[in-house]
Amino acid sequence: MVARVLGQWRQVLPDLDTEPIAVIGRLTRCAALLRQASDAPLVREGFSRPEFDILSALRREDQELTPGRLARETYASGTAVTKRVRTLEERGLIERRPDARDRRVAHLSLTAHGRELVDRIMPEQVAYERSLLAGLGEEQRDGLARMLGELLWLLESREEAGARR
């Protein structure tokens, strides 16, 4: 699909350097396809990826987190986190404790049921994600992970520099 788009641009604007489309277009397409595919085990369990990201962040950190910290950990807006937390709280997976000094601040943690659920789903989710990459050899996966890490560092640095302005 991306190759077709590149060919079309070459016909329409032959002098246009489309190298960025070759990379970003493929990354965008991969992200969309991975999002669809990698959510399959979670959907079977009745979760969206963003909801499971909240549960996973709480499990990984293994301590109480504020909604603001969860927003930073999951790259989500505060409003989105509030909505997801409410849903997960209603399902009995997250509990909220008000701050002793500032009642506007909440401290969130997994319930025992939430912890059990993440611990049960995570191995299946990781195995499924491994199967999505099965066509790549170990060296290819390592190289791809390294290059994506470098790109992510560049993009995050750019975002942080923009936030300081």
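**Labels and cut-offs**

Author: Thr66 is partly exposed, at a relative accessible area of 26%. The model is predicted: local features need pLDDT of at least 70, side-chain atom pairs count only at pLDDT 80 or more, and totals for chains, interfaces and linings use all residues. Residues are numbered from 1 along each chain as its sequence is written, and side-chain values use heavy atoms, with hydrogens and water left out.

Reader: Why is Thr66 called partly exposed?

Author: Buried means under 20% relative accessible area and exposed means over 50%, with partly exposed in between (1.4 Å probe, protein chains only). Thr66 has 26%, so Thr66 is partly exposed. Thr66 sits in the loop between H4 and H5; helices are DSSP runs of H or I, at least four residues, numbered from the N terminus.

Reader: Why is Leu144 called partly exposed?

Author: Its relative accessible area is 35%, so Leu144 also falls in between. Leu144 lies in helix H8.

Reader: What makes the nonpolar surface patch?

Author: Val23, Ile24, Leu27, Leu144, Met147 and Leu148 make it, over about 500 Å². Nonpolar side chains (Val, Leu, Ile, Met, Phe, Trp, Tyr) are joined within 5 Å. Helix H2 (19–38) and helix H8 (138–164) each supply at least two of the patch residues.

Reader: How far apart are Thr66 and Gly149 in space?

Author: They are 27 Å apart, C-alpha to C-alpha, and 83 residues apart in sequence.

How values were computed:
Patch = residues over 30% accessible without salt bridge, like charges linked within 9 Å, V, L, I, M, F, W, Y side chains within 5 Å. Areas by Shrake-Rupley, 256 points an atom, 1.4 Å probe, with all protein chains shown as cover. Salt bridge = Lys/Arg side-chain N within 4 Å of Asp/Glu carboxyl O.
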